Amino acid sequence: MAQPKVVLVACGTAVATSTVVAHAIEEAMAERGIPVVIRQCKATEVRSLAEDADIVVATTPVPDDLGKPTFKGLPFLTGIGKSQVLDDIEKALRG
Amino acid sequence: MAVDFRSILSPQAMCLGISAQSSDEVIRLLGERLIALGKVKADYPDALIARESTMPTGLPLGTINVAVPHSDPVHVVAPAIGLATLKEPVSFASMDDPEEKLPVRVVIALALTDKDAQIEMLQAVARFIQNPGALAALAKARTPEEAFSAFPT
């Protein structure tokens, strides 16, 4: 059994939108047979926490030099482009 | 799984078909309603407005855009939702790109105390805004009854 991948989910206050995104990713990756550990943080904490994560998903703009694959969280709120971003996340986690 | 919106969405916290000049005006209106209901503290509207200026909450949905202003739980007394629909859109910045201004016609102010306790409420809001038919029905609602019936049960 592979070690679960760590997904860092960031939003403004780490209380509302990142919670929706985190649950959606957890569910979708479980369906695809990829064990993940989700960590939530505020956008301001992304830089310090990204190091221990495999990928970053953020509903707010985050720096593009985090050194980790970074994905938009907005599709999980709007539904627009959600399956595409899930495919991209799956690819990054399997890679 | 489905959350009954009636339990968290009070008719007193709805401002339907209103006219407002700015996002700040809508937030203050909803904030005052939630304060009057005892759901949030006096500094909640200011906290929302401050947050919008740095980390905005406009969601680009296509036809009817939504904003979901919310604050840190420290400003909240009990979980609640304030709901405003606008005759003419007001401008909110996009969550994804604060430089981008979105015309918003539905504002859902979230008062949250605990992310895990309110996940069902948050998921219900997310499902709702991803339902264009329900959103269009809500935007047209002029009474709380019409608004309630827009929410899928």
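Reader: Where is B:Leu122 found?

Author: B:Leu122 is found in helix α4 of chain B; helices (H or I, at least four residues) and strands (E, at least two) are DSSP runs, numbered from the N terminus. The model is predicted: local features need pLDDT of at least 70 and side-chain atom pairs count only at pLDDT 80 or more, while totals for chains, interfaces and linings use all residues. Residues are numbered from 1 along each chain as its sequence is written, and chains are lettered from A and ligands numbered from 1 in the order in which they are written.

Reader: Why does B:Leu122 count as buried?

Author: A residue is buried if 20 or more other C-beta atoms, placed from the backbone, lie within 10 Å of its own, exposed if 12 or fewer, and partly exposed in between. B:Leu122 has 24 C-beta neighbours inside 10 Å and therefore counts as buried.

Reader: With which residues is B:Leu122 in contact, leaving aside its neighbours within four places in sequence?

Author: B:Leu122 is in contact with A:Ala16, A:Thr19 and A:Val20, once those sequence neighbours are set aside. Contact here requires that the C-beta atoms of two residues, placed from the backbone, lie within 7 Å.

Reader: What makes α1(A) and α4(B) roughly perpendicular to each other?

Author: The axes of helix α1 (residues 17-31) of chain A and helix α4 (residues 119-129) of chain B cross at roughly 85° and come within 9 Å. The axes are lines fitted to C-alpha atoms, for helices over the stretch in contact, and angles run from 0 to 180 degrees between N-to-C directions. Angles under 35 degrees count as roughly parallel, over 145 as roughly antiparallel, 65 to 115 as roughly perpendicular and the rest as oblique. The two helices are therefore roughly perpendicular. By class, their contact has 4 nonpolar, 3 polar and no charged residues; Ala, Val, Leu, Ile, Met, Phe, Trp, Tyr, Cys and Pro count as nonpolar, Asp, Glu, Lys and Arg as charged, and the others, Gly among them, as polar.

Reader: Which residues in α1(A) and α4(B) meet?

Author: From α1(A), A:Thr19, A:Val20 and A:His23 meet B:Ile119, B:Leu122, B:Gln123 and B:Ala126 in α4(B).

Reader: How many residues of chain A are in contact with chain B?

Author: On chain A, 16 residues are in contact with 19 residues of chain B. Helices α1 and α3 (74-78) of chain A each supply at least two residues of the side that touches chain B. That side of chain A has 7 nonpolar, 8 polar and 1 charged residues.

Reader: Which residues touch the most other members of the largest nonpolar core?

Author: A:Ala10, A:Ile25, A:Val56, B:Ile108 and B:Ala109 do so, in a core of 80 residues. Strand β5 (residues 101-111) of chain B gives the largest share of this core, 8 residues. A nonpolar core is a set of buried Ala, Val, Leu, Ile, Met, Phe, Trp, Tyr and Cys residues joined through C-beta atoms within 7 Å.
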